[in-house]
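User: I would like to go through this structure and ask what each label rests on. Please keep it brisk.

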Amino acid sequence: MIKNPAIQVNSEIGTLKTVLLHRPGAEIENITPDTMERLLFDDIPFLKNAQIEHDYFAKTLQDKGIETVYIEQLLEDVLADSAVKDDFLTRYLNEHHYMNDAMKDIKGYLNTLSTHDLVATIYAGVRRELVDFKHPNLHDVAGSDAENPFLMDPLPNAYFTRDPQAMMGSGLTINYMTFEARRPESLITEFVMKYHPRFAGNVDIWLDRNTDARIEGGDELVLNDHVLAVGVSQRTSSRAIQALAEELFTNEDSNFDTIVAVEIPHNHAMMHLDTVFTMVNYDQFTVFPGIMDDDGKMNINVLHAGDQGQVVMEHRTNLKDTLKEVLKLDDLDLIETGDGDPIIAPREQWNDGSNNLTIAPGEVVTYDRNYVSIKLMQEHGIKVNEIKSSELARGRGGGRCMSQPIWRDNL
Ligand SMILES: NC(=O)NCCC[C@H](N)C(=O)O
């Protein structure tokens, strides 16, 4: 049992007290038309305005009394220790397939930087011309792509702090992410959890990134203190969900006994469950109707803990009925993205109209551009705090994607 837990996340909706963010930096401007697709972007945001919008998001949270913690600051704190820094750089370079002489040469350059600049460079990517290779091999000079101006790619998705890990209960999953473009992000989480005094020894690690199964935080929703919903998606495999269930149902620090595995379309627009489904109150959810078939059916499996902690599975097809069943509710309100209109709903889903950050029961932070979804939420009694979204939305993630709750009041 952890003595002083650093994480407390027992719902999607309990009053938010502390949240992890990343302010977009130079990495955003290191996307090019050639690398955009590989880096999981649909456009190149204008950094200056993206930062203004992100600061507005952070201030909206701070004005509500929410502590905002920046992952880049935590990484800087951790890398101030030279042994930890060396270990981190070895892992970071190894995972980019640089070894031996190349590792020495790249480290030689990175070690000339202050810790602050090193962290900024890890996010921004390391340009090829900055390193002078003494005995280059083919990979060192060309990488896997001769056109690529970077030895290590930028991490433009890092402002979506939701995905490299998922905090639930008194711990977290540190995620093996689907695409190489994002994998260094969860290496950063691993080091922060292992070495930062705020977290070290004070968190349960339910899954680590050496688990050979893909999972991302946008798919991992904490419905209450014993029920999770996890998307079976482009980014999260059923194998990872099974592994998570086996861990949570048997670990004595975990209170979770149910996982609702919800299959969603495997595509870029709906890459995670939280791009189509968010919990906004005890009995209210936003949902994009395009995740169901014409008869309103879906492929849902409910995983329960059996007597001995073994995983018992039951198949369901109706989302509303399944949620009522696992949450023990007589009724619940599914609020359709874009009011279910065939043009408005997909447009607002594309711009993350389904992706709300709930900061208290019945109160959300969401992008201003999705005005049809906003009006509908308001008509359903939800308090909406709007944030600016011209540039941030180009990365295909909204308020929930851009935040990792570390502490929420228990309900
Ligand atoms: N939870 C989320 O849905 N995050 C959005 C991630 C967007 C990012 N461009 C990605 O493709 O991974």
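Analyst: What follows is a set of questions about labels in a predicted model, each answered from a value and a cut-off.

User: Why is Cys401 called buried?

Analyst: Cys401 has 25 other C-beta atoms within 10 Å. The label buried needs 20 or more. The count meets that cut-off, so Cys401 is buried.

User: Where is Cys401 placed, and which residues does Cys401 touch?

Analyst: Cys401 sits in the loop between β18 (383-387) and β19. Not counting residues up to four places away in sequence, Cys401 touches Phe160, Arg162, Gly218, Asp274 and Asn355. The UniProt record, an unreviewed entry, lists Cys401 under "active site". Such annotations may be inferred rather than shown by experiment.

User: How many residues surround the ligand, and which are the closest?

Analyst: The ligand is surrounded by 16 residues. The closest are Leu40, Gly218, His272, Gly397 and Cys401. By class, the shell holds five nonpolar, six polar and five charged residues.

User: What makes β1 and β19 a pair?

Analyst: Pairing takes at least two bridges. Strand β1 (residues 16-21) and strand β19 (residues 404-408) are joined by four, so they pair. They run antiparallel. Within this pairing, Leu20 has Gln404 of β19 as its bridge partner.

User: What joins β1 to β2, and in which sense do they run?

Analyst: Four bridges join β1 to strand β2 (residues 67-70), and the two run parallel. Thr18 has Glu67 in β2 as its bridge partner.

User: Is Val203 buried or exposed, and what is it in contact with?

Analyst: Val203 has 22 C-beta neighbours inside 10 Å. The cut-off is 20 or more, so Val203 is buried. Val203 lies in the loop between α7 and β7. Leaving aside neighbours within four places in sequence, its contacts are Ile2, Ala6, Ile7, Ser170, Gly171, Leu172 and Met193. Arg239 is 36 residues from Val203 in sequence, and their C-alpha atoms are 24 Å apart.

User: Why is Gln234 called buried?

Analyst: Gln234 has 20 other C-beta atoms within 10 Å. The rule says 20 or more, so Gln234 qualifies as buried. Gln234 is found in the loop between β9 (227-232) and α8 (238-248). Contacts beyond four places in sequence are Thr178, His266, Asn267 and Met271.

User: Why is Asp339 called partly exposed?

Analyst: Asp339 has 15 other C-beta atoms within 10 Å. Exposed means 12 or fewer, and buried means 20 or more. The count falls in between, so Asp339 is partly exposed. Asp339 lies in the loop between β15 (333-336) and α10 (344-350). Its phi is positive, about 55°, although Asp339 is not a glycine.

User: Which residues is Asp339 in contact with, and how far apart are Asp339 and Lys375?

Analyst: Leaving aside neighbours within four places in sequence, Asp339 is in contact with Ile344, Val372 and Leu376. Asp339 and Lys375 are 9.3 Å apart, C-alpha to C-alpha, and 36 residues apart in sequence.

User: What makes Asn100 exposed?

Analyst: Asn100 has 10 other C-beta atoms within 10 Å. The limit is 12 or fewer, so Asn100 is exposed. Asn100 lies in helix α4 (residues 100-110). Its phi is near 45°, a positive value in a residue other than glycine.

Conventions:
Residues numbered from 1 in each chain as written. Predicted model: local features only at pLDDT ≥ 70, side-chain atom pairs only at ≥ 80, totals over all residues. Contact = placed C-beta atoms within 7 Å. Near = placed C-beta within 6 Å. Nonpolar A, V, L, I, M, F, W, Y, C, P; charged D, E, K, R; others polar.
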